[in-house]
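Reader: I am new to reading structures. Please take me through this one, feature by feature.

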Amino acid sequence: MKIYKLLPLVGLFLIVGCDNFLDINDDPNNPTTANLNTILPYTQATLVGSLGFGTAGMSDILGVYNHHTVIRDNHDDYDIQADDFSLTETWDNLYTIVLPDLNAIIARREESPVYSGIAKLMKAYMFTAIVDLWGDMPYTEAGDPVLFKFPHFDDDRAIYTAMFSLVDDGLSDLQAGGIGPEDDDLIYGGDIESWERFGNSLKLNMYNKVRLTDLYNADSVSALLNRPLIETVSDGFALDYNTSIVPENRNPAFVREYAQGGGVYWISPYFYLMMKGEQACQNTLLAGIQDPRIPYYFYNQTAVGEDPVLPVSYRDGEFISIWFGSLNRDPFEGFDQTFYQTLVGLYPVGGPYDDGAGLPQDGTLGLKGASAQRLLTAAAIEYVKAELALTMNTGGDARSLLVNAIRKSFDEVNAVADAADAPLITSADITAYTNEVLVLYDGGDQSKKLEIIMTQKWIQEFGNGLESWNDIRRTGYPQVCDPAQDLNEFSQQTNPYPVVLPYYIGDLTNNGNAPEQHDQYSAKVFWDVN
């Protein structure tokens, strides 16, 4: 991950999304084909936004499913409709913008194998995410409405199989030479080594997700563990934002939560209590272990000792929020807490560090939105390695890898704190927290050790909803909140935990080759075998 200014996306939108303009005689002042360096940045921003937090992307919904956040709408009780705005936006953006543009770049491989390699890696990332979200989806006939106006839905396992090969093709293209991107690559600035690290890490992450299926390949995993992987904060697959307002290039979640009149998403008390080291719903795993990242993750608009004017649903000192499963049940939900509720903090959206002052949000606090949308980090890859070592005997020491993963999780936070001139989490505090977690780990059986790895990863993945949802469905960890066992008498759960998202109703209606709507509570993705 490198820091660049995003190009003005309004202008880019006018020139990407298709390959050709009017078919007229060639004129150097009126090109018939969009330049690769204008297609790539908009495609990257759209891909990240489709899966991100604050962009009407899938991390908005999945953050609630993961109990990182809470919202006062139908997602509050694991209910997403087939015409939900975030779902339809994600589906439409991926299939009508990102996929055609990536295919256009790949089709011009002879012009630039490097661009083609990057596009293939992005396409592999996109389609594995699509399968993770929906299961069976259009692939072989998708992205070309001229040839395939009504694409068939492919088997999800077959799509994943194809993506392993596509990653290999992308890595091969990166080595083929030729002109590559520079600042138009908003993720890695044209750095080929960084893209190779991402490709290897993507493939390792894919193998980890399929480790309980026959797609798992021990020899391939062993080889990947000896190749360059995402190792540092700057290696991460992420899109950085800055403080620009015209054009708007701030972190979208910061804009929404701080600069548009009030927070939309609340911090889940379950997440807060887990990090505070208290029992959270039925989960006592981290009881007694307080996480030093709390003032970096959560920003309290209420000052120390200040009392809100209106009644609140949940309060612990300055922390104010609402409970999952309390929509239309909470007697206090009608009271406006815009300037009292706790907000997503410095990490991950570039808000302020919580120093106890309790200043109301107004868009001028903290990093002012100059923070990244992180999709695959060095810490996440270290947790993947720890999980594989524990469950698949890949040769590494799972305990040592867990220590590395926790430390890299703190590195992510300290990098943002440093940029904001906020106090860094000290080595002593990091070591003390890590040692307390290791006491639990050392005293646990195989299942408990896995629970600790996955719970620590869940804390680290704040802001990236998809990976935590994948982990919860794959492993059952961390335990999700049972509203029947929380601290609020008004919260209930009436729907089962969702294992896929519903298909977009517009596609089912218009595409004669689409299947019937599947059940979001039972139609599992192929790798979800538990």
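Author: Start with the elements. Helices (H or I, at least four residues) and strands (E, at least two) are DSSP runs, numbered from the N terminus. Here α12 gives the most to the lining of the largest cavity, with three residues.

Reader: What kind of model is this, and how are residues numbered?

Author: This is a predicted model, where local features need pLDDT of at least 70, side-chain atom pairs count only at pLDDT 80 or more, and totals for chains, interfaces and linings use all residues. Residues are numbered from 1 along each chain as its sequence is written, and side-chain values use heavy atoms, with hydrogens and water left out.

Reader: How many helices and strands does the protein have?

Author: The protein has 18 helices and ten strands. Its radius of gyration is 23 Å, close to the 24 Å that the globule rule gives for 530 residues, so the protein is as compact as a globular protein of that length. That radius is taken over C-alpha atoms, and the globule rule is 2.2 Å times the number of residues to the power 0.38. Along the principal axes, the C-alpha atoms fill a box of roughly 70 × 50 × 50 Å.

Reader: What share of the contacts joins residues 24 or more positions apart?

Author: A contact means heavy atoms within 4.5 Å. Of the contacts with a separation of 6 or more, 73% are between residues 24 or more positions apart.

Reader: What is a cavity, and what is a pocket?

Author: Both are found on a 1 Å grid over the protein atoms alone. A cavity is a set of points where a 1.4 Å probe fits but cannot get out. A pocket is an open set with protein on both sides within 12 Å along at least five of seven lines. Lining residues have an atom within 4 Å of a point. Grid points are joined across faces, edges and corners, and a volume is the space filled by probe spheres set on the points.

Reader: How many cavities of 30 Å³ or more are there?

Author: The structure holds three. The largest cavity has about 100 Å³ of space. Its lining counts 15 residues, and Pro348, Gln373, Arg374, Phe462 and Gly463 lie nearest its centre.

Reader: Which residues line the largest pocket?

Author: There are 25, of which Tyr95, Ala142, Gly143, Pro145 and Pro151 lie nearest the centre. α4 (85-107) and α18 (505-510) each give two or more residues to the lining. α4 gives the most, with six. The volume of the largest pocket is about 610 Å³.

Reader: Is Ser371 buried or exposed?

Author: Buried means under 20% relative accessible area, exposed over 50%, partly exposed in between (1.4 Å probe, protein chains only). Ser371 has 1% relative accessibility, so Ser371 counts as buried. Its place is in the loop between α12 and β10. Leaving out residues up to four places away in sequence, Ser371 touches Leu239, Asp240, Tyr241, Asn251, Leu346, Pro348, Val349, Gly350 and Val416.

Reader: Where is Gln337, and what does it touch?

Author: Gln337 sits in the loop between β8 (319-321) and β9 (343-344). Gln337 is buried, with a relative accessible area of 4%. Beyond residues up to four places away in sequence, Gln337 touches Trp266, Pro308, Leu310, Pro311 and Val312. Across the protein, buried residues make up 60% of the 530 residues.
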